[in-house]
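Have the coordinates open as you read.

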Amino acid sequence: MDDVDRKILAELQQDGRLTVTELAARVRLSVSPCHRRLRELERSGAIQGYRAVVDATALGLNFEALVFVSMRQEDRATIAEFERAVGELDHVLDAQRLFGEPDYLLRVATADLAAFQRLYDDRLATLPGVQRLTSTLVMKHVVRDRPLPS
């Protein structure tokens, strides 16, 4: 990956709807070489996809919480089953396995506190291997969806 590839990635992180012609102009390449580089970035997995950034409140998801998960069991089978089950929960927007304590951090969005409590009690607390859940409510986002540094 060279500086031109990094410029392409930076531009697309700012505006993923750029046409190849617009992108080429911004990174100072002609269209054909820009298109070849773009396809190679996609093929290599450096660009993993394109998507719309949607306002959660437009979907009625007005409540967000961070949930810290401490595991009772950490054998491979339990971890795999926990991660599979978390991956099936639509309201879990992000899930990260951590070093140290706690074992996982989940970012969850629901309509309101009552919906979060139902998710917490009915789904999160019953996930395989869970010993303890601790949650904190998100007051506001200070930095969100920042492009990766080049």
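Buried here means under 20% relative accessible area, exposed means over 50%, and partly exposed is in between, using a 1.4 Å probe and protein chains only. Helices (H or I, at least four residues) and strands (E, at least two) are DSSP runs numbered from the N terminus.

Take Leu127: apart from neighbours within four places in sequence, its contacts (heavy atoms within 4.5 Å) are Phe82, Ala85, Val86 and Leu89.

A bit of bookkeeping: residues are numbered from 1 along each chain as its sequence is written, and side-chain values use heavy atoms, with hydrogens and water left out. As this is a predicted model, local features need pLDDT of at least 70 and side-chain atom pairs count only at pLDDT 80 or more, while totals for chains, interfaces and linings use all residues.

In H5, the buried residues are Ala115, Phe116, Leu119 and Leu124. They sit on the same side of H5 because they cover an arc of only 100 degrees around the axis, where the arc is that of the directions from the helix axis to the C-beta atoms. These buried residues pack against S1, S2, S3 and S4, while the face turned away from them carries exposed Leu113 and Asp122.

Helix H2 (residues 20-27) buries Leu23, Ala24 and Val27. Seen down the axis of H2, the buried residues fall within an arc of 100 degrees, so they line one face of the helix. Their packing partners are helix H1 (3-14) and helix H3 (31-44); exposed Thr21 and Ala25 are on the face turned away.

## Pockets

On a 1 Å grid over the protein atoms alone, a pocket is an open set of points where a 1.4 Å probe fits, with protein on both sides within 12 Å along at least five of seven lines; lining residues have an atom within 4 Å of a point. The largest pocket holds about 860 Å³ of space. Of its 21 lining residues, Leu9, Leu12, Gln13, Gly49 and Leu148 are the closest to the centre.

The second largest pocket comes to about 630 Å³. It has 23 lining residues, and the closest to its centre are Val54, Ala56, Leu93, Arg107 and Arg144. S1, strand S2 (92-97) and S3 each supply at least two residues of that lining.

Which bond is cis, with omega about 0 degrees? The peptide bond joining Glu101 and Pro102, and Pro102 is found in the loop between S2 and S3.

Arg28 isn't a glycine, yet its phi is positive, near 60 degrees. Arg28 lies in the loop between H2 and H3 and is exposed, with a relative accessible area of 76%. Asp145, also not a glycine, has a positive phi of about 50 degrees. Asp145 is in the segment after S4 and counts as exposed at 52% relative accessibility.

Note on methods:
Grid points are joined across faces, edges and corners, and a volume is the space filled by probe spheres set on the points.
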